[in-house]
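Have a look at the structure first.

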Amino acid sequence: MKMKPRPLTLLLLGIWSLNLLYLSGANADESNSTPSRIEGALLQLLDFTGPRASIWAQEHGISLDPSGQYVRVIIEPEGRSSQFDPAPLRFLGGIIEAESEYLLKARLPLRHLREIAQLSGISFIRRPYTFRPLRHIDYTTGTLPTGALLFHSYGFRGQGIRVAVIDAGFQGLSEAILKGWIEPGAIYQTKDYGGQGLEMGSDHGTRVARIVHEMAPEAQLVLMSLGEEGTEVELENAVRDAIRLGVRIINHSLGWFDTNFGDGTGLVDEIARRAADAGILWVNAAGNQAESHWMGRFQDRDRDGWTEFGYERENLVIWAGFGGVISLVLVWDDWPQTAQDLDLFLFNGSGEIVAASETRQQGLDPPRESLDYLVEDPGVYQLKVRAKRVRGAVNLKIFSLGHEITPAIPHGSVIAPADCTCALAVGAVSSSLWEEGIVEGFSARGPTSDGRIKPDLVAPDGVRGDFGTSFSAPHVAGAAALLLSQHPDWSLTQLWEAVKRNAIDLEPLGPDVESGAGKLQLFLGQPQALRSLSDSKVTVGESVTVRIAVRMPAATFGSLTLSEQLPVGFSLETIDPGDARITFMKDLNQAQWVWPTIGPGEAREVIYRLSISEAVEPGRYRLTGSMNGEPIEGDEWLEILPPSSVTVQMSSGSILFQAKGSALQNMQVQVFDLSGKERFDSGWVHGDRLAMAWGRSWANGLYFYVVTVRGLNGQILTRQIKKFIVLR
């Protein structure tokens with residue numbers, strides 16, 4: 001006999017089912033149990049026809065041909081591209097446009113997309129990843145304050161060093177050559193990977209190459225255009241050719257926003273790593289999204305499906321002028337493949353949805369959404385994220401690629417492949433504020449999602465009105481070419497360390513997530529700093545005078561930053577700053593002296609008093625200082641001797657002096673009357689005890705004694721002066 005469920009049981013089961021539906025995303029369209037080999041956005045495109053298909057494709061970054069029958073995709077083969085048999089794909093109407101070692105770029109007929117996905121040897125079909133030039137438009141002018149001209153004057157001009165500029169396009173290159181901005185002999189080779197023509201589309205690469213050429217005029221330039229619609233296939237092929245051509249440095253002033261979660265992994269980062277593995281220095285713009293980036297954990301306290309960006313806030317705000325394009329990218333930390341499904345929406349000021357990205361993430365799809373919206377009405381827009389299916393904790397990243405967002409989170413905004421351990425990430429300081437060293441507000445900040453410091457350093461932008469980290473990176477690439485022309489046998493590690501070591505540290509002290517190691521600076525010779533101590537052994541509670549002599553090399557001028565890290569319990573008092581600007585950070589017990597400009601061969605001296613508190617334990621302590629990142633030479637060890645004391649016991653006709661402490665050698669007692677006449681001198685007596693008796697010749701009255709105690713090395717440990725009274 002079957003039992004009927006009780007009403008309370010039904011109610012509890014209902015509540016449990018509702019919770020389960022929310023957590024599992026059952027309120028959304030569920031994918032098949034077997035993940036599709038086709039990215040969700042492409043599958044959803046198949047649900048539309050005619051103009052609706054074109055609109056969906058445009059909103060989701062899908063490239064259709066004019067007829068709307070073919071779609072451009074990336075095919076991920078199960079092995080190397082060379083092992084893939086293209087015949088069945090071609091039979092179904094597919095066209096392979098380009099291939100690299102591990103990827104295929106193809107045009108596929110929409111009506112056969114599902115059939116092609118089932119072909120043997122195909123792992124996944126998806127939209128291409130996209131890059132953006134990392135420039136920030138402005139129209140002021142600046143200078144080139146990196147020390148490159150000094151290298152030129154000594155004959156180091158990048159000769160013999162090959163530098164590749166991998167960029168979106170080189171429009172205006174012929175004009176730049178004609179006007180003498182780039183010498184024709186400096187161009188070693190050019191290659192157009194996009195197929196539209198080297199000088200078609202963007203002039204971004206031309207302006208980047210011009211800066212590299214100005215920094216290193218005799219370096220050989222390899223100009224590689226990915227095209228404005230370039231993909232990771234073209235990038236992979238460009239890197240392959242750069243390795244083959246013997247390139248020593250690659251400049252990449254492009255950012256790939258939808259390839260990882262900012263942790264240095266992912267396909268584009270791995271392509272950059274191949275260059276580093278071949279000994280190439282990869283220099284990358286850090287990005288310009290510090291004021292147009294948000295990152296945080298997915299939260300939905302009111303359980304309405306909309307992400308909360310703060311307390312009771314379910315939107316980010318964008319103000320856009322007429323005619324611009326709002327470009328948004330959303331990624332979450334479930335790479336490289338996810339079944340967690342999030343969607344991206346853009347609302348106008350009236351609360352209407354004007355654009356959306358609603359890709360179905362089914363299991364093999366990358367965790368990304370993106371949209372582009374042509375602004376028809378200037379004003380305030382709102383960005384919102386909705387969860388269709390979320391299981392467990394999810395962290396989100398949102399980039400706006402042309403407009404600031406409110407509230408923005410600057411930290412964590414460094415983009416791929418600048419976030420890779422294999423890439424030297426470069427932030428921006430305006431050339432007009434170079435001496436002050438103020439990092440541009442838009443310049444991307446670290447740390448990476450896995451906690452590393454990025455950018456690695458900062459360099460000037462604003463030269464000729466070209467603002468953005470795009471134009472800071474080529475200053476570093478050119479500087480690296482100068483260093484290699486001076487030291488052609490340097491390894492990648494040596495070059496990397498030299499570029500960062502020469503950087504001038506900016507506040508806060510030490511490497512940080514705003515400026516990395518500091519601002520780019522070239523030195524022909526290294527500045528020298530020599531420390532000397534007035535005494536290498538002092539007793540707890542005493543002090544020592546420290547002198548640091550600073551000298552700029554004869555062929556170098558620029559900024560110097562001197563830092564001293566004090567052990568705990570040590571304190572510093574400046575006696576002579578040597579005309580430097582002084583900063584002291586109490587929480588770090590660190591002092592810094594900065595000279596904005598010192599001429600060739602000029603010298604300075606810093607003098608300070610170092611005091612040791614009574615709380616310091618006896619032992620050897622090291623002063624760890626640096627000059628522009630290089631260790632200070634000379635005295636560095638200070639031995640702190642244990643404190644000592646003397647006790648006095650008076651009896652009838654005598655006094656017993658007892659020294660207490662470790663490492664004692666001998667002691668001396670001297671007695672004086674009130675007129676200053678010496679009445680007794682024991683001389684140096686070995687040991688820690690000394691008795692003195694006074695005879696009948698000593699008159700009643702007041703006397704002074706001085707007790708001096710020496711350690712095993714002859715150092716005076718203590719000197720004690722006190723009075724006593726003789727009464728008979």
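Arg-273 and Glu-270 sit 3 residues apart in helix 10 (residues 267-277), so about one helical turn separates them. Helices here are DSSP runs of H or I with at least four residues, and strands are E runs of at least two, numbered from the N terminus.

A word on the source: this is a predicted model, where local features need pLDDT of at least 70, side-chain atom pairs count only at pLDDT 80 or more, and totals for chains, interfaces and linings use all residues. Residues are numbered from 1 along each chain as its sequence is written, and side-chain values use heavy atoms, leaving out hydrogens and water.

| Pair | N to O distance |
|---|---|
| Arg-207 and Asp-466 | 2.4 Å |
| Arg-240 and Asp-241 | 3.1 Å |

Arg-207 in helix 8 (residues 204-215) and Asp-466 in strand 24 (residues 466-467) are 259 residues apart, so this pair links distant parts of the chain. Asp-466 is buried at 7% relative accessible area (buried is under 20%, exposed over 50%, partly exposed in between, with a 1.4 Å probe and protein chains only). Asp-241 is buried too, at 4%, while Arg-240 is partly exposed at 44%.

Glu-39, Arg-127, Asp-258 and Arg-368 are joined in a salt-bridge network.

How values were computed. A salt bridge is a side-chain nitrogen of Lys or Arg within 4 Å of a carboxyl oxygen of Asp or Glu.
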